[in-house]
Amino acid sequence: ASELERINAQPTSSPQAPSAYWQGKAVLERADVKGNVDEAVSAFEQAAKLDPKFALAHTGLAEAYRQKYLDVRDPIWAQQAIDEATNALGLDPNRAEVRYVLGLTLAGAGRLDEASAELYRALALQPNYEDARTQLGQLFATQGNIDAAIIEFRKAIALRPTSPAPYSAMGVALVNAARYEDAVEVLTDAAERFPDNSRVYQQLGTAYQFLGNTEQAVANYRKALAIRPSAPAYSNLGAFLHSTGDFAGAVDAYQHAIEIRPNSSATRRNLGDALSRLGRAAEAKAGYREAVRLGEAHLKVNPTDARNLTAVA
């Protein structure tokens, strides 16, 4: 009886709020498209305005704010994501989406054990929840358990093969685990399925670059930039040009990346490296100082990010 009551419960009393919520979800699905994250925020804010007690509107805002933090690395967005996830928990703690978003924000803060517990709660409520499966896979990958991560990514793909997110997440996890050939296989499949997704081509280029296949790496970076200019694609192209000794070209690519995403510590650090090789010491030091400032700001959000700790060092 209690389960039946939960299933039949309406998430909101407003007939318009669900429409605004699903509009936000649809555009956030393609966060790689310029302007979509801001459009998602507006849609979720509209849903929350129509019904302040609509928990799903707050979960949507938490996801969108988290994506804005990933895009611009301003800690204010990370805190707003946590605040909205907390609001949703207070409104409807027995909804899978609420537990998922709480897990998402906890993982972003480096609180992996708590994040894992929330994701398992989400999956207990809704076992076919592909976003929770994908996030659990990313959490396993962060902890170094790549085989468990792949199992979760494959489950997410089986649940919704039309979503690029689990393919992309699996590709990144495989690259970070130094399984570059496996990453190329997964991301090539994703590129065939989602030929308009610039992020997939950028990640495929990264996998090829680690394999030493510079021709395919550059070709995929160019494809990514032709579809949509993005900071990661420019940054990766800059790293490739740096490796070939084209430091001026690397500086140009890094500056394009910074124009799109000015708060990337890694790109600022790489810019400093390229400027240093060109003998532009004062500019290089300024780049390094900005990289340290941004890296330390990120450590306030996630003090257990080993990659960022290394970069700051």
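**Reading a cavity, a helix and a core**

Reader: Which residues line the largest cavity?

Author: The lining is made by R66, A78, A81, I82, T105, G108, A109 and V301. Keep in mind that this is a predicted model.

Reader: Which elements give two or more residues to that lining?

Author: Two helices do: α5 (75-91) and α6. The most comes from α5, with 3 residues.

Reader: What volume does the largest cavity have?

Author: About 40 Å³. A search of the whole structure, for cavities of 30 Å³ or more, finds 1.

Reader: Now a helix. How do I check the span of α13?

Author: Count residues, then look at the two ends. Helix α13 covers residues 214-227, which is 14 residues. At 1.5 Å a residue, α13 should span 20 Å. Its end C-alpha atoms are 20 Å apart, so the two values agree.

Reader: Which residues of α13 are buried?

Author: Start with the general idea. An α-helix has 3.6 residues a turn, so residues three or four places apart point the same way. Now the case here. The buried residues of α13 are A217, V218, N220, Y221, A224 and L225. Seen down the axis of α13, they fall within an arc of 165 degrees, so they line one face of the helix.

Reader: What does the face turned away carry?

Author: That face of α13 carries the exposed residues E215 and A226.

Reader: What do the buried residues of α13 pack against?

Author: They pack against α12 (198-211) and α14 (231-243).

Reader: Next, the core. Which residues of the largest nonpolar core touch the most other members?

Author: This core has 62 residues. Y100, Y129, A132, M170 and L174 touch the most other members. The largest share of the core, 7 residues, comes from helix α6 (residues 96-108). Another core lies apart from it, with 19 residues, among them A31, A40, F54 and A57.

Reader: What is M170 in contact with, beyond its neighbours within four places in sequence?

Author: M170 is in contact with I150, F153, R154, I157 and V186.

Reader: Let me follow I150. Is I150 buried or exposed?

Author: Use the cut-off: buried means under 20% relative accessible area. I150 has 16% relative accessibility, so I150 counts as buried. Its place is in helix α9 (residues 146-159).

Reader: Which residues does I150 touch, not counting those up to four places away in sequence?

Author: I150 touches M170, L174 and R179. I150 and P166 are 16 residues apart in sequence. Their C-alpha atoms are 9.5 Å apart in space.

Note on methods: Residues are numbered from 1 along each chain as its sequence is written. This is a predicted model: local features need pLDDT of at least 70, side-chain atom pairs count only at pLDDT 80 or more; totals for chains, interfaces and linings use all residues. Side-chain values use heavy atoms; hydrogens and water are left out. A nonpolar core is a set of buried Ala, Val, Leu, Ile, Met, Phe, Trp, Tyr and Cys residues joined through side-chain atoms within 4.5 Å. Buried means under 20% relative accessible area, exposed over 50%, partly exposed in between (1.4 Å probe, protein chains only). Helices (H or I, at least four residues) and strands (E, at least two) are DSSP runs, numbered from the N terminus. Contact means heavy atoms within 4.5 Å. The expected span of a helix is 1.5 Å times one less than its number of residues. The arc is that of the directions from the helix axis to the C-beta atoms. On a 1 Å grid over the protein atoms alone, a cavity is a set of points where a 1.4 Å probe fits but cannot get out, and a pocket is an open set with protein on both sides within 12 Å along at least five of seven lines; lining residues have an atom within 4 Å of a point. Grid points are joined across faces, edges and corners, and a volume is the space filled by probe spheres set on the points.
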